[in-house]
Amino acid sequence: MINRLLVANRGEIARRVFATCRAMGVATVAVHSDADADAPFVAEADQAVRLPGATPAETYLRVDLILDAARRSGADAVHPGYGFLAENAEFAAAVTDAGLTWVGPPAKVIAAMGDKLAAKALLAEAGVPMLPSWTDTDSVTDFPVLVKASAGGGGRGMRIVRTADELAEAVASARREAAAAFGDGTVFIERYVERGRHVEVQIFGDTHGTVQVLGVRECSIQRRHQKIIEEAPGDLPPGLHDRLHETAMAAGRAVDYVGAGTVEFLLAPTGEFFFLEMNTRLQVEHPVTELVTPAGLDLVRMQLLVAEGAPLPAHHLYPATRGYAIEVRLCAEEPAQGWRPATGTLHRFDVPGVDREFGWIQRAGLRLDSGVVAGSVVGVHYDSLLAKLIAVAPTRAEAARALAGALARAELHGVATNRDLLVRVLRSPEFAAAEIDTGFLDRHPEVFAPLLPADQVPLTALAAALAGAAHRRATAPVLGGLPSGWRNVPAVPQVSRFIGPGGDEIEIRYRLDRTGGLADWSSTSVAEDSAERPTAPTVALVEATPDRVVLDVDGVRRGYRVHRVGSAVFVDGPDGAASLAELPRLPLPTAAVAAGSLLAPLPGAVTRVHVQVGQRVTAGDPLLTLEAMKLEHPVLAPIDGVVTELPVPTGGQVQTGAVLAVIEEEDAR
């Protein structure tokens, strides 16, 4: 029996495992880096052990430190979660050798499936269909191809290559990224299937020789080869579920699989499918499988019971399902900066209508599996995943609508996210028709547009200005009862200036009458040209408090929720949300940055410098590579010119806004 479980992971998956442990009466132990000392998963554990350091290599990838934490805390079992050491055979063996219970497949199975080339050869003998693959770049003649990390997943170490000239650099870059994420830079090359769909089968095995399948998941909506939307049981052609189940069962039996695992396939437009990999762990998207099982299976509970030696309960080969479940991965990302990972403090995290956290829902509803709460600090060292929101409903269409609605109404303040992208995908006609594949986002750039239309930004800024005035009036030490903006010359308007969602400056001018109503208002943006502007709508003020503004816009009443943190103003309205920065009326002078400076978009480490001072570059040329949140981010030359400064060497750490390089235009020279 497992009495005290250590989770060798962090964030959302640690909280997910702890939730099941509480229900089962199992004591819990968290391990944490210095950066995670105040994280929710640490607070929820019965015990917590510090792993000195901040980066994964210093903490969550240190087998010796984790085993020492288990000894010091009295843990008798270890759950690896997903990512980090979850698919590390040496870690699994070390846990077992230390006399602890390992919650996962045996080390030999992890090793066999962890070497993806060896796994392909082994499972091909069991009749599992395969794509051609290579390890030698000189042997590749059939393009396009996909470079893949041998030791991990999650899109890290993965590159699409369409020509031979791009292959060497893609392999080198993939190796670096894989080494940083998994501690192993081995990669291989596989034929790339255009318009393929990513489907997978959840399998489960026990120590008594039983291997079961628990259903199919569709995971085709991906960006940068990382899944962002998953669903179950998947909208697939008739008979395909059965064929996938049978093939996944054969793969599991071929390796005597034990515990939770996933067999992933690439589905070609022709109807053929090919083995991609077997993940020897619980998947991020496991909630959609749990929510469509009629009995309400808890896959973490099943993991613990199997680790204790219990047999799997009797189950049909082709499991029954109920309804439909869709999951989205809410990530900290900057849409305006090329979707780079975002950092900062999450001032508010409120998703309306959530029925359950980390658990099964009896009927239709919303489930939230989150690694953060309001006040959480999102740093640079780890994956950008904040939370998973899952909807279950009788039909796919109902699940998508409920999920999109909850996301659109969520208050997510302080850190930029991919929320708008997720909502637009869920509401797109192509997604509704299940016309999806791994290239969906490449073919539909329209889903990357913000939810808030550009013509609604002025109204949002007006709401922010009126709420700010109400806040100042409510906190005024004297004469707080006077009307806002009271003065002897009533014709002079009040002025508020903001930096808008796109980085443009917005100026709001408004004047209130003697009753406190809105007499008139106008907005201007420094980005606007001389073209004729659309006529401003007729607006009447219904209500204005520091946190809520109601406007009557051309006869339609519209409510805005306003949250202020210092100069930052977060406004959630009926058309979408906006983050604004209120500018001071009398700004202080600031230090100037040299013309042509390229600034770091987020904290990270410079892993490669591609140019030298004095070198001529063309717009689009790579200057250096910045690594953050386990991903590589190329920094490209924005103009033609000459590199005059490179202040950060290879290996140097930088903070947001640091100067990475300075380019002087040829004309300026």
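**Close-up views of a predicted model**

Residues are numbered from 1 along each chain as its sequence is written, and side-chain values use heavy atoms, with hydrogens and water left out.

**View 1. S496 and its contacts.** You'll find S496 in strand β25 (residues 494-499); strands here are DSSP runs of E with at least two residues, and helices are runs of H or I with at least four, numbered from the N terminus. Skip the neighbours within four places in sequence, and S496 is in contact (heavy atoms within 4.5 Å) with A465, I506, E507, I508, Y510 and E582.

**View 2. The largest cavity.** The structure holds 2 cavities of 30 Å³ or more, and the largest has a volume of about 50 Å³. Of the 10 residues lining this largest cavity, E87, M113, G114, K116 and A151 are the closest to its centre. A cavity is a set of points, on a 1 Å grid over the protein atoms alone, where a 1.4 Å probe fits but cannot get out, and lining residues have an atom within 4 Å of a point. Grid points are joined across faces, edges and corners, and the volume is the space filled by probe spheres set on the points. Strand β14 gives the most to the lining of the largest cavity, with 3 residues.

**View 3. The second largest cavity.** This one has about 40 Å³ of space. Its lining includes H79, P80, G81, R281 and Q303.

View 4. Four strands line up in the order β6-β9-β7-β8, with antiparallel pairing. At the edges sit β6 (133-134) and β8 (159-161), each pairing on one side only; two strands pair if DSSP finds at least two bridges between them. Strand β6 is joined to β9 (residues 187-191) by 2 bridges, and W134 has I189 in β9 as its bridge partner. Helix α6 (residues 116-125) lies across β6, β7 (145-149) and β9, at about 45° to β9. Helix α7 (residues 167-182) lies across β7, β8 and β9, at about 25° to β7. For these angles, axes are lines fitted to C-alpha atoms, for helices over the stretch in contact, and the angles run from 0 to 180 degrees between N-to-C directions.

Notes:
Predicted model: local features only at pLDDT ≥ 70, side-chain atom pairs only at ≥ 80, totals over all residues. 1 Å grid on protein atoms, 1.4 Å probe; cavity = no way out; pocket = protein on both sides within 12 Å on 5 of 7 lines; lining within 4 Å.
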